[in-house]
Amino acid sequence: VPVMARLKDPGDVDKIRRQIKAHIEADPDKQWYLFGDFAFGLFPGDNGPKELLDDIAPGKAIAIMHASGHAFWANSKALELAGITADTPDPELGIIARKPNGEPQGGLQESAMVAIWKAAPGFTEEEIAASVEYANEMYAAAGITATREAGQVPSRWAVVERMAKKGKVKTRYKFAAHWEGSITVLHPTQDEVREWLVDNKDKQSDLAELDSLKVIIDGVPASRTSLMKKPFLDKPESRGVQNFSTELLNEAVADYDNLGVTSMFHVIGDQAAKLALDAVEGAQKANGVSGLRHHLSHCVIVDEADLPRFKELGVVVDFSPFFPYRGTVHANHVPAVGEEDFSKWYAVKSMMDQGVVVAIATDYPVSELNPFVHIESSVTRMDPHGLNDDPLAPEEAITVEQAIQAYTLNPAHILGWEDKIGSIEIGKLADMVILDSNPLEVPAADMSEIRVLKTVFGGEMIF
């Protein structure tokens, strides 16, 4: 993956242009400049026009990833170097946004992103190490001491593992390996992934452990690639995109379950969630109940008929609750599914009420890293920055206590580390945060303003 610079104002086109211009002027000798991430709702369908990037630095290739990670906004030079022209057909499972004459418009969705990754230069080991150290500081400042890295490749894993052995990693990571369903990135072959996971899954570590397969079943609603049980209202010929066959999905989940490897599923649409549950059920029938905590991530849209299956199958769940409120994030989504179905998104409380182990995930960099932003929105079901006062499905709101547990002990359980972290108890690792105020005493609407004063990691003050 090439070096990417972070945009500070991803929701303002003029500010994006000025940031890119300043960045290139400060470092003018490259051909490729990649950035992350332009904001939800900035362009219809998340397709950015190439012309807005063409005059910033003529002759330089510029591409900006969308906040979802499922699209690029590219300029003409980037499209040229990636070999994308009016004659380039849409790749399987991908979309090249086009003008009426067929000319590429600048937007690349899903597997069409891979052309950019192939054309741009890759990270060096030094750059990977620098990014890990940067992440250490960023996580510590946010009070985060452990996380699931939900999509890893061997080259990056090797650097992180080496750094962990030298004591240079200050976050506890469980890693999921990118697999065939990871259509938006350059991923290893199936055989390489299997060998890599089998070779590493029993290397126990408190800092970096490779334990899971990342299975990206579908896409996202903005590009109408989330996999749905019903057709989209504004694209009635489509129910979204399934990234690989049901047969391959079922075979792989059963195979890896038999090897002792957990599957972590990206599921957005209700049909994607059903397919993941079916695959876990099939693995249990084939292998017996392994006790592995197969993990459904996002779970934005779940059919009520499928809700009881989560507890029955013993799967665990994370939601990304920065999103359960009305606003620009969902401007593209309501026309796709209609108000009635949209009002059922993010059934956090329903899932908890059925006894499912539920975590809250920032899904960074798709949304903000600050945990208290997400705790607030999961309690209020409104924009945590006060931009609206219209809650989305308020019956799915949870209590502050539930939200805190969904950021501490529940994710520790999902990671299989509940005996080490997730609560302050004698015998556990001393991972703790000290806050500037008590979350149980702060009004819900002010929760996002809580700040971390100190972060302790294994007894060491790291922030």
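The model is predicted, so local features need pLDDT of at least 70, side-chain atom pairs count only at pLDDT 80 or more, and totals for chains, interfaces and linings use all residues. Residues are numbered from 1 along each chain as its sequence is written, and side-chain values use heavy atoms, with hydrogens and water left out. Helices (H or I, at least four residues) and strands (E, at least two) are DSSP runs, numbered from the N terminus.

Helix 5 spans residues 125-142 and helix 6 spans residues 154-165. The two pack at an angle of about 60°, and their axes lie 10 Å apart. Axes are lines fitted to C-alpha atoms, for helices over the stretch in contact, and angles run from 0 to 180 degrees between N-to-C directions. Helix 5 is therefore oblique to helix 6. Angles under 35 degrees count as roughly parallel, over 145 as roughly antiparallel, 65 to 115 as roughly perpendicular and the rest as oblique. The crossing of helix 5 past helix 6 is right-handed. A crossing is right-handed if the near helix is turned clockwise from the far one by less than a right angle, and left-handed if anticlockwise.

Helix 5 contributes Glu125, Ile128, Ala129, Ser131, Val132 and Glu133 to the contact. These meet Ser155, Arg156, Val159, Val160, Arg162 and Met163 of helix 6. Contact means heavy atoms within 4.5 Å. By class, this contact of helix 5 with helix 6 holds six nonpolar, two polar and four charged residues. Ala, Val, Leu, Ile, Met, Phe, Trp, Tyr, Cys and Pro count as nonpolar, Asp, Glu, Lys and Arg as charged, and the others, Gly among them, as polar.

Helix 5 also holds Asn136. Asn136 is buried, at 8% relative accessible area. Buried means under 20% relative accessible area, exposed over 50%, and partly exposed in between (1.4 Å probe, protein chains only). Neighbours within four places in sequence aside, Asn136 is in contact with Lys168, Val169, Lys170 and Thr171. Glu92 is 44 residues from Asn136 in sequence and 37 Å away in space, C-alpha to C-alpha.

Helix 7 (residues 190-200) has buried residues at Val193, Trp196, Leu197 and Asn200. Seen down the axis of helix 7, these fall within an arc of 95°, so they line one face of the helix. The arc is that of the directions from the helix axis to the C-beta atoms. An α-helix has 3.6 residues a turn, so residues three or four places apart point the same way. Asp191 and Glu195 are exposed, on the face of helix 7 turned away from its buried side. The buried residues of helix 7 pack against helix 6, helix 8 (246-258), strand 7 (146-152), strand 8 (172-178) and strand 9 (208-216).

The axes of helix 7 and helix 8 come within 12 Å and cross at roughly 20°. Helix 7 is thus roughly parallel to helix 8. Helix 7 passes helix 8 in a right-handed crossing. In this contact, Gln190, Val193, Arg194 and Leu197 of helix 7 meet Leu248, Asp255 and Tyr256 of helix 8. The contact residues divide into four nonpolar, one polar and two charged.

Arg309 is buried, with a relative accessible area of 13%. Residues up to four places away in sequence aside, Arg309 touches Lys274, Leu277, Asp278 and Glu281. Leu277 is 32 residues from Arg309 in sequence, yet 7.2 Å away in space, C-alpha to C-alpha.

Gly36 and Asp37 are joined by a cis peptide bond, with omega about -5°. Asp37 belongs to strand 2 (residues 32-38). The peptide bond from Tyr364 to Pro365 is also cis, with omega near 10°. Pro365 sits in the loop between strand 13 (358-360) and helix 14 (371-380).

Asp46 is not a glycine, although its phi is positive, at about 60°. Asp46 lies in the loop between strand 2 and helix 2 (51-54). Asp46 counts as buried, at 3% relative accessibility. His298, another residue other than glycine, has a positive phi near 90°. His298 lies in strand 11 (residues 295-298) and is buried, with a relative accessible area of 9%. Not counting residues up to four places away in sequence, His298 touches His266, Val267, Ile268, Asp318, Phe319, Ser320 and Asp363.
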